[in-house]
Every structure is written in structure tokens, then in C-alpha cells.
Amino acid sequence: MRTQVAIIGAGPAGLLLSHLLHLEGIQSVVLESRSYEYCTTRIRAGLMEQNTVDLLNEVGLADNLNRFGLPHDGVQFTFDGACHRIDMQELIGRRVTIYAQQLIVKDMADVRRRDGGTILFEAEATAISGLDDRPVVTFTHEGELKTLECDFLAGCDGFHGISRPAMPEAVRRDYDRVYPFGWLGLLIAAVPPSEELVYSHSDSGFALFSMRSEELTRAYLQVRPDDHLDNWPAERIWSELRGRLGDHEGLKLNEGEILQQAITPMRSWVSEPMQYGKLFLAGDSAHIVPPTGAKGMNLAMADICALSRALLDHYKNNRSGYLESYTKTCLDRVWRAEHFSWWMTTMLHPPYDANPFDLKRQIAELRTVFGSDAGCRLVAENYAGLPVVPWRP
Ligand code: RFL
Ligand code: PHB
């Protein structure tokens, strides 16, 4: 097989790239190790920045997002017995939207299939060669070993993919921080405590109350990094959710069946550079953020805008400047999101070895930020999303 751009991974990054290239007449093939069913039902992110929503509208991917997405003008933070609301709409004229990652993945995969795009599910890339000149990907599909030749290779294969390790060790540098806590993610058949997201700091740990619909709560509890689901029987989950949300007017914890639960570790991690020869990394294959800032999926799509602009400028205008500056364009924005996600995480999670001074200091920081217009604006600007480069040259 041969194509112009080979894409490994049918997550938000890979599928968006394939669609944008198609809009401008550039061919691609997407290789995805998992099945269509797995990719379109796996529960992960849920919050989209305004930029992401605007982009998906601009490129014809937002029909379901506009019908079923839940736009939020504000977001709430509880700590020290009080609830603070940040009105993003009022402060900066922007907002965020709740729409599940597996649904936007399904929407994008379905649009690619409708448009005759090639996405090979259950096709695992096993080796990469020729990155300096003519890349070749070896993959297994329908029981056979096959090869895909291309002009460019987009490594959209997430943190555990094969693209990043295919770069020579000597050119790469990793920046890493592992946090001393994880998140227990819960999907609950109950009306969410509030119409907006609530981030709750408490002495017994952080909790986040999000949603997937008006009847479906998505909640997260700070847990120890090596914690196990066996340690979290339903009574403990409910008592921690109730305790950490606290008593606030207008916020009501509703109980319901716990439909799904899983523990995720938290880390910050960046690999630099994001390109080598004809290989370009995008999304989680190049960087990871802790979920507290809700940035991962949004960063993946922002990288793709830079990559699509660079590839289109090469194919349409025979120019290479955007390809050469790809890493810098992405990482300038990525590092700011890394900082915001780290900041939200360290500000909102009491460490397990915190002494009374640490807790008082943390509450003072929360009061400094949320008690100030400038602080609220800073949070709003970063939470609703920093500017993204245009996806076309
Ligand atoms: P993905 O989604 O991991 O997709 C990579 C795809 O590559 C495939 N793959 C391969 N295919 C072929 N051959 C191989 N050798 C392959 N190796 C891997 C994989 O099967 C997979 O389908 O990466 P992408 O596209 O970069 O997207 C990144 C996002 O998925 C991720 O950043 C977000 O889910 C992070 N995240 C959140 N991001 C947000 O923007 N807002 C949120 O609210 C948010 N909440 C979250 C999150 C992540 C979470 N977890 C589970 C880590 C909440 C949680 C709990
Ligand atoms: C989610 O709804 O899954 C979600 C929302 C905000 C976050 C993290 C996850 O910061």
C-alpha cells in the first residue's frame, strides 16, 4: 500500500488529521490497533475548549456535538467551606462544552467512512523505517503482515505507541513528573450535583463533579497512586463524594447506580522534539497532562491544526517553513497547558503527606486566585483554551 500521509492511531488526533487533509484533497491511511467498537465506546475525556468546538464546527464535524453537547458558561470551585463560580462568558466571552471523547471519535470515524476515507481498524503498526526519506510502516491486518509506504508519517498513537520510540534516542529528551496521587473515575446513573462542573478541594482530598448528560454524572476522586478498586466499596465512594463536595446551596449529590469505575495515574510528561525526518508526533504520543486542567484531548487537536497547516503548505505551496517549525509551534502552547494542568493539580490536591502548614498554604493560594478578578480571569483564559493556529496555511 502507498499513501501521501500515513497516520498511526484513530484517536482524536489521528482522525481529525485525516479529515482535515481530505478536505484539501490530500490522501491518508489511518492504522488503528483496536476495533471500531472499542474506540467508539472507550470512556475518557469529556471537556472541549471553545477553540476545539469552533474548529469542529468550521470543518463540518459538529452536527452531533451541537445537538448533544452541553455548553457551560461557568465553572465552580469549592474550598474552605465556600463555593466560587468563575463566569467565563462574562470574564472573557468564551465557554467550554461537555461532549464525550468516544462520541467525537465516533463522529469523526463515521464522517471519514462516509467520505470514502481509509481507516483500518484492528491493524497494529509493528515497525517503522525510512524516516529520513521514504517512511514505511509495517502492520498486521486480517492475519497478514503488510506494509504502507508514505511521504509523511503522523504518529498519533498515544503514550504507549510505537512512533516516538522509533525516533533515535540521541535526538530525544523527555521531561517528566509523576504525581503522588491518582483519580478514581466514576460514571453514575444520577442527575449531576450542578449544571456546571464543580472542582472541590477538601482536607480528605480532591473531587471533581462533571457529567455526560442531564441524567449521567461523571465524577472523579483523588486516590493514592497505587490504590485499588477493591479498597473502594460503594459506601466509601458515596461517603467521600458527599464529604468532599461539602454543603453548599444549589449543589446536591444524587445517588444512583455506579456504571463504571477505573483508577488512572496522574503525570505530566513532554517529549522533545515532536518531529524527526518525515515523522511528526501529535497528541498523547508527544505529551501527557494530568486531567485536572481538561487539556489532553484539546492539545491533541491543537497539535493537528499545526500539522495540517504544515503538510498543506508543503503539498499546495511547496513550502517547508511550517514543517520545520512544527515542534516549536506546538511546544510553545503545550508547555503553557502543562503549566496550567500542573498548577490546577497542585493547587487542588492535598498531598497525602501534607502537614497542617501545607494545607493552610493551599487554601491561602485558592483564596488568592479565586478572590481576585485577575486570578479568575487567568483561570478562565487557560481553562477555556489558549489560541490555536489556523489549520490551513
Ligand atoms: P489516543 O486517544 O490515546 O489515541 C491513540 C490511538 O492509537 C492507537 N494505537 C495504535 N494503533 C496502531 N498501531 C499501534 N502500534 C498503536 N498504538 C496505539 C490506540 O489504540 C489509540 O486508539 O491519543 P490522542 O489522539 O493523542 O488523544 C489524546 C486524548 O485521548 C487524551 O489526551 C485525553 O483522553 C485526556 N483526557 C482529557 N482530555 C481533555 O481534553 N479533556 C478532558 O476532560 C479529559 N479528561 C482525559 C480525561 C484522560 C483520562 N484518562 C483515562 C487518561 C479524563 C481521564 C480519566
Ligand atoms: C470529564 O468530564 O471527564 C472531565 C472534565 C474536566 C476535567 C477532567 C475530566 O478536568
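Modeller: A polar contact is a pair of N or O atoms within 3.5 Å; within protein, one must be able to donate a hydrogen and the other to accept it, and residues adjacent in sequence count only if both atoms are side-chain atoms. This is a predicted model: local features need pLDDT of at least 70, side-chain atom pairs count only at pLDDT 80 or more, and totals for chains, interfaces and linings use all residues. Side-chain values use heavy atoms, leaving out hydrogens and water; residues are numbered from 1 along each chain as its sequence is written, and chains are lettered from A and ligands numbered from 1 in the order written.

Biologist: What is the distance from an oxygen atom of ligand 1 to an N or O atom in the side chain of arginine 42?

Modeller: Ligand 1 has 33 residues around it (a heavy atom within 4 Å). Aspartate 284 puts a polar side-chain atom 2.7 Å from a ligand 1 oxygen. Glycine 296 uses a polar backbone atom, at 3.3 Å. For arginine 42, the distance is 3.0 Å.

Biologist: Which residues come nearest to ligand 1?

Modeller: Aspartate 284, with its polar side-chain contact to a ligand oxygen, is on the list. The nearest five are Glu32, Ala45, Gln101, Asp284 and Met297.

Biologist: A polar side-chain atom of which residue lies 2.6 Å from an oxygen atom of ligand 2?

Modeller: Ligand 2 has 13 residues around it, with Tyr199, Ser210, Arg212, Tyr220 and Pro291 nearest. The side chain of tyrosine 199 reaches a ligand oxygen at 2.8 Å. The 2.6 Å pair belongs to serine 210.

Biologist: Are H8 and H10 roughly parallel or roughly antiparallel to each other?

Modeller: H8 spans residues 296-317 and H10 spans 326-348. Their axes come within 9 Å and cross at roughly 165°. Angles over 145 degrees count as roughly antiparallel. The pair is therefore roughly antiparallel.

Biologist: How many residues of the contact of H8 with H10 are charged?

Modeller: The contact (heavy atoms within 4.5 Å) includes Asp303 and Arg309 of H8 and Arg333 of H10. Eight of its residues are nonpolar and one is polar. The charged count is three.

Biologist: And how many residues of the contact of H1 with H8 are nonpolar?

Modeller: H1, residues 12-23, packs on H8 at about 30°, with the axes 9 Å apart. Among the contact residues are Leu16, Leu17 and Leu20 of H1 and Met301, Ile304 and Leu311 of H8. One residue is polar and none is charged. The nonpolar count is 13.

Note on methods:
Axes fitted to C-alpha atoms, helices over the stretch in contact; angles between N-to-C directions. Helix = DSSP H or I, 4+ residues; strand = E, 2+ residues; numbered from the N terminus. Parallel < 35°, antiparallel > 145°, perpendicular 65-115°, else oblique. Nonpolar A, V, L, I, M, F, W, Y, C, P; charged D, E, K, R; others polar.
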